[in-house]
Amino acid sequence: MQGALVDGVQAQDLLKVRLGLVEAGLFGQGDAEVQAVAKRFGANGIVQRIAERAGGLLYHVVDAVDARGLPMELALVPFVESGYSLHAASHAEAHGAWQFIESTAKNYEIGIDRFRDDRRNLVVSTRAALDYLQALHAMFDDWQLAMAAYNCGERRVQNEIERARRRGVAKPGFKDIAAALPQETREYVPRILAVRRLLLDPVEYGVKLPAIPNAPQYSVVEIHRDIDVLLLARLAGLTQDELLRLNPSLKAPVIIGRHNVNLLLPPQAALRLVDNMATHVGLWVTWRMLRITRPATPQEIAERNRLSLSTVLQANPLPEGHYYEVGSTLLLPAGRQGGIDPAQAQRAVLLTRASSECMVLQTCAGDAARVVPPATVNGLPRR
């Protein structure tokens, strides 16, 4: 995007100039409900806190929206979805700034596997979210309806539109169907419009927004080779915790190169990484994969492989009271024999079952041996 880069411009100026939030925009001026929500947001300071958190993330989302020529209000969706947090997770198992559930994520080619959950990757999830919102707009020819469908699903919105037409509404809009939508969705669109209104005129609502540079605060680096997460952090001059705070999509101690992983890094760290990767001598991966052929507890895995229990659990997280199920792929230190089998990595999963003595030792029979459904590493049923 062309234009002057102004350091330390006020967030509202950034949003007016770069996001194009001028006057009515494509979403209209709103109504009394939007005004009331904006006042509430101003009073409790939530938008100010989210703007502070959004910081460098907002710039990348704005650029992605701008590159497609879409209405810039779409960059405000993560304000309501997640508070602009890459780490956000809901009770419905939606993750990341754009809050994708697993099924929708897979429909829009967001990678979720043993090594990564790209719902928490800003670059990947933003691309997918804008793809989804564009598809919804093509379906409904209305951005407020598209946003509503993003929240509760296109089928629900389509059903309510059809009911409104049967009532004689020629071209139903959000207000025509809002009362029939779930309460969360009824509040969802007004909240986005309220954020827009507050950012457009923060003084009216007593809000002092933080200064956000009109320039990228992070660089995007694409990784094309297998590499230890810890090694990558060291080559970038970061701690592993610092790397993971910006890139919570990394689920394993190894990055798989065939995934073409996009990482957010501070600009100087990105330059250091590129330079140091070009001159690195030694192993790139110090982990190996172990396929589980019979149920095992973390303690059993640790004892068999002469590792500490903490080492096993750190690389293969397991809820308390669970065990590794047959078919699981564990990551264990490999020392000087490091390396990842590409074929095995492609089908690597980590499955768990709730543990009981009879299940682990397999000494029970009949109804007493029945177990809960297979679960993911967080202990919730697979979808």
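A: Start at glycine 237, which takes a positive phi of about 75 degrees just after helix α11. (Helices are DSSP runs of H or I with at least four residues, strands are runs of E with at least two, and both are numbered from the N terminus.) The model is predicted, so local features need pLDDT of at least 70 and side-chain atom pairs count only at pLDDT 80 or more, while totals for chains, interfaces and linings use all residues. Residues are numbered from 1 along each chain as its sequence is written, and side-chain values use heavy atoms, with hydrogens and water left out.

Buried here means under 20% relative accessible area (exposed is over 50%, partly exposed is in between; 1.4 Å probe, protein chains only). The buried residues of α11 are Val229, Leu231, Leu232, Ala233, Leu235 and Ala236. Their packing partners include three strands: β1 (219–223), β2 (227–228) and β4 (261–265). They also pack against β3 (254–255) and against the helices α12 (240–246) and α13 (267–279).

For scale, the chain has 17 helices and 8 strands. Of its 383 residues, 50% count as buried. Among contacts (heavy atoms within 4.5 Å) between residues at least 6 apart in sequence, 69% join residues at least 24 apart.

Next come the nonpolar cores. Such a core is a set of buried Ala, Val, Leu, Ile, Met, Phe, Trp, Tyr and Cys residues joined through side-chain atoms within 4.5 Å. The largest one has 65 residues, and Phe79, Tyr84, Trp98, Phe100 and Tyr150 have the most contacts inside it. The elements that give this core two or more residues include α2 (32–44), α3 (46–68), α4 (77–81) and α6 (122–140). Also on that list are α7 (143–152), α8 (154–166), α9 (174–177) and α10 (183–200). Phenylalanine 100 touches Glu93, Ala94, His95, Ala105, Ile110, Arg119, Ser125, Ala128, Ala129, Tyr132 and Tyr150, leaving aside residues up to four places away in sequence. A second, separate core has 32 residues, including Ile227, Leu250, Leu263 and Leu331.

Helix α7 has contacts with both α6 and α10. On the α6 side, Trp143, Leu145, Ala146, Ala149 and Tyr150 of α7 meet Ala129, Tyr132, Leu133, Leu136, His137 and Phe140. On the α10 side, Gln144, Met147, Ala148, Tyr150, Asn151 and Cys152 of α7 meet Glu184, Thr185, Tyr188, Val189, Ile192 and Leu193.

Apart from residues up to four places away in sequence, proline 190 touches Glu33, Val34 and Phe174. Glutamate 33 is 157 residues away along the chain, yet its C-alpha atom is separated from that of proline 190 by 7.0 Å.
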